[in-house]
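Could you walk me through this chain, with an eye on its charged pairs and its nonpolar surface? Here is the structure, followed by a short report.

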Amino acid sequence: IYGSWGVGQLYKDWFPGDAAEWRFGVRLQKSWGEDLSGTQEDWQLGPEVRLRYERTIDDLRTFFAMYEGWSEFSDMGHVTNVITAGLKFRFATYLALEFGLRMYYEASPQDADPDQAGYSRWFTRQDSMIGIDAVF
């Protein structure tokens, strides 16, 4: 779970159906899981940057590409980068189905062993999400 606060700008219709957004702020997040260490389950607070491009295909479908990067104030070298591209199907004002391909890279945190698996490599996975969304 995470929340973020910051400043940004949304640009719409540079070309018909396009939207581009940038945001810079502070992110607070918490993770849970069996395989996570105590440090990984701690609350994490740090800077965040987000860039997103959307292209409306028709009333139902939208293509998007997005970059998110964040770190922790206590370990600024521990940077996480996520690049996602996909399709969003909007069935109603607040109901959407989203399919995405996500590339993920996380630099090793200070408390990780140098040979610990899962850090400083690119990973790819497919995401599917259905949910209620709103923009405030």
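Where is the place of Val49? Val49 sits in strand S3. Strands here are DSSP runs of E with at least two residues, helices are runs of H or I with at least four residues, and both are numbered from the N terminus. Val49 counts as partly exposed because its relative accessibility is 31%. As for the cut-offs, buried means under 20% relative accessible area, exposed means over 50%, and partly exposed is in between (1.4 Å probe, protein chains only).

Before going further, a word on the model: it is predicted, so local features need pLDDT of at least 70 and side-chain atom pairs count only at pLDDT 80 or more, while totals for chains, interfaces and linings use all residues. Residues are numbered from 1 along each chain as its sequence is written, and side-chain values use heavy atoms, with hydrogens and water left out.

**The overall picture**

The chain has 1 helix and 7 strands, in the order β-β-α-β-β-β-β-β along the sequence. Of its 136 residues, 28% are buried. The accessible surface comes to about 9300 Å², and carbon and sulfur atoms hold 60% of that (Shrake-Rupley method, 1.4 Å probe; for residues, only the protein chains shown count as cover).

**The nonpolar patch**

Val49 also belongs to a nonpolar surface patch of about 850 Å², together with Val7, Tyr11, Trp14, Phe15, Trp22, Phe24 and Leu51. Patches take residues with over 30% relative accessible area and no salt bridge; nonpolar side chains (Val, Leu, Ile, Met, Phe, Trp, Tyr) are joined within 5 Å, like charges within 9 Å. Strand S1 (2–12), S2 and strand S3 (44–56) each give the patch at least two residues.

**Charged pairs**

The structure holds 7 salt bridges, each being a side-chain nitrogen of Lys or Arg within 4 Å of a carboxyl oxygen of Asp or Glu. Here are three of them.

| Salt bridge | N to O distance |
|---|---|
| Glu48 and Arg23 | 3.8 Å |
| Arg27 and Glu48 | 2.8 Å |
| Asp58 and Arg61 | 2.7 Å |

Asp58 is partly exposed at 30% relative accessibility, and Arg61 is partly exposed at 32%. Elsewhere, salt bridges with shared partners join Arg23, Arg27, Glu48 and Glu68 into one network.

Back to Glu48: its salt bridge with Arg23 ties together parts 25 residues apart in sequence, because Glu48 lies in strand S3 and Arg23 in strand S2. The pair of Arg27 in strand S2 and Glu48 in strand S3 links parts 21 residues apart. Glu48 counts as buried because its relative accessibility is 3%, and Arg27 is buried too.

Ala19, in strand S2 (residues 18–29), is buried at 15% relative accessibility. Its C-alpha lies 9.3 Å from that of Phe64, 45 residues away in sequence.
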